[in-house]
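This report looks at strand packing, ring contacts and charge pairs. The sequence and structure come first.

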Amino acid sequence: MAKTSPKKAKDTPNPMPARVDPCLAMLVHKPPFGPDWAFEVKWDGYRLAVHIERGRVRVITRGGYDWTERFPSIADDAKRLALKTAIIDGEAVVLDDQGRSDFGMLQRALGRLPSAHEAGAIVLFAFDLLYLDGRDLRRLPQRERRRLLEPLVAGREGAIRLSEEVDSDGDEFLRVACAHGLEGIIAKHREKPYRSGRGEWWQKITCKRRDSFVIVGFEPSTVPGHLGRLLLAARNGDELVYVGGCGTGWSNSLSRELRQLLGGIATQTPAVNLKRKNAVFVEPLLVAEVEYRAWTEEGKLRHASFKGLRHIEDQQNVFELPRS
């Protein structure tokens with residue numbers, strides 16, 4: 001039997017994955033140090049993988065859902081890249097007038113809440129390239145994947161743009177990012193391959209703590225038709241555990257919208273073990289993005305502020321309590 005030559009085996013195309021579980025950054029308290037680390041802005045939006053295939057483009061969420069129809073501008077712009085096949089990893093955002101990503105504006109552009117923002121305002125900041133024209137790039141080091149990504153999207157003004165690397169000391173970059181009102185920064189080890197799941201090869205450093213919690217109920221405001229306080233839960237294995245409430249972070253108009261939205265999914269069966277006077281319990285279908293300072297000794301959120309709304313279909317985002 002004739003043996004396949006090394007060159008021919010090397011040139012054999014790799015099958016394109018139908019889906020890749022994303023690489024997730026580990027939360028750390030301070031940036032790593034040294035020349036092996038690259039730094040980027042931490043964008044505040046929806047993690048997406050853009051699959052460019054022969055004859056079609058698919059936009060896949062972190063949870064594996066096909067949201068191509070929700071991101072038409074990104075899908076259309078992907079076709080303009082003139083690539084045969086590719087998988088681009090990035091974050092979909094809407095930018096405010098100071099160039100900062102705003103999750104609330106993104107939700108409105110997606111039609112989750114009434115908005116003047118259109119879907120065309122959504123931008124994908126691309127930060128990794130997992131597959132290109134028959135080659136699976138995940139085993140390559142980050143610096144090499146980055147080298148291949150940059151000429152494809154650098155300098156573009158369309159719906160797909162490059163998430164710039166910042167040549168800076170990590171501590172100084174974090175200080176500047178926080179001073180400009182950004183959520184934080186991401187550090188990536190230049191020599192590591194792309195690994196699905198959470199690990200130390202990607203690290204995130206935030207200006208404040210921010211996580212996602214299931215909305216299990218609310219307390220009405222003393223102002224008729226308004227929201228007083230959200231009741232929140234974290235995951236503990238297969239169960240939900242009440243972790244306190246959140247009573248700030250929304251405008252008067254958003255307060256009314258949230259109250260109406262939650263009122264439509266009210267239930268007589270609480271998702272958590274909680275008895276609270278005047279509480280209205282809801283089906284655990286929505287997830288609140290919450291910024292907070294710390295945890296109390298009783299396991300409740302301290303100084304929590306509402307930042308945005310997600311759907312439970314991205315439930316892997318929900319904060320999970322550490323196992324004792």
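## An enclosed strand

Strand β3 is covered on both faces. Y46, L48, V50 and I52 are buried on one side. R47, A49, H51 and E53 are buried on the other. The model is a predicted one. Of the 8 residues of β3, 8 are buried, so the strand is largely enclosed by the rest of the structure.

## Neighbours of β3

Which strand pairs with β3 over 7 bridges? That partner is β5 (residues 86–93), and the pairing is antiparallel. Within it, V50 has I88 as its bridge partner.

Strand β4 (residues 56–61) also runs antiparallel to β3, joined to it by 6 bridges. Here A49 faces I60. The two strands β3 and β4 make a hairpin with 2 residues between them. G55 sits in the turn and has a positive phi of about 90 degrees.

## Aromatic contacts

The whole structure holds 12 aromatic pairs. In one of them, the ring centres of W43 and F125 are 4.0 Å apart and the planes meet at 5 degrees, so the pair counts as stacked. W43 is in the loop between β2 (37–41) and β3 (46–53), while F125 is in strand β6 (residues 123–132).

Y46, W67, F71 and F103 form a cluster through ring pairs. W67 also has a charged neighbour: R70 lies over its face, 4.2 Å from the ring centre. Elsewhere, the charged end of K188 sits over the ring of W202, at 4.1 Å from the centre.

## Salt bridges

The count of salt bridges is 25. Among them is the R19–D21 pair, with N to O at 2.9 Å. R19 is partly exposed at 37% relative accessibility. D21 is partly exposed too, at 40%.

K42 and E183 also form a salt bridge, their closest N and O atoms 2.9 Å apart. K42 belongs to the loop between β2 and β3, and E183 to the loop between α5 (170–179) and β10 (184–189). The two are 141 residues apart. Both are buried.

R210 and D44 meet at 3.0 Å, N to O. R210 lies in strand β12 (residues 209–220) and D44 in the loop between β2 and β3, so the pair ties together parts 166 residues apart in sequence. R210 is buried at 15% relative accessible area, and D44 is buried at 9%. A further set, E40, R146, E150, E165, K188 and R190, is joined into one network by salt bridges that share partners.

How values were computed: Residues numbered from 1 in each chain as written. Predicted model: local features only at pLDDT ≥ 70, side-chain atom pairs only at ≥ 80, totals over all residues. Heavy atoms only, no water. Phe/Tyr/Trp six-rings, centres within 6.5 Å; stacked < 30°, edge-to-face > 60°. Helix = DSSP H or I, 4+ residues; strand = E, 2+ residues; numbered from the N terminus. Lys NZ or Arg CZ within 6 Å of the ring centre and 35° of its normal. Buried < 20%, exposed > 50% of the residue type's maximum accessible area, 1.4 Å probe, protein only. Pairing = 2+ DSSP bridges. Salt bridge = Lys/Arg side-chain N within 4 Å of Asp/Glu carboxyl O.
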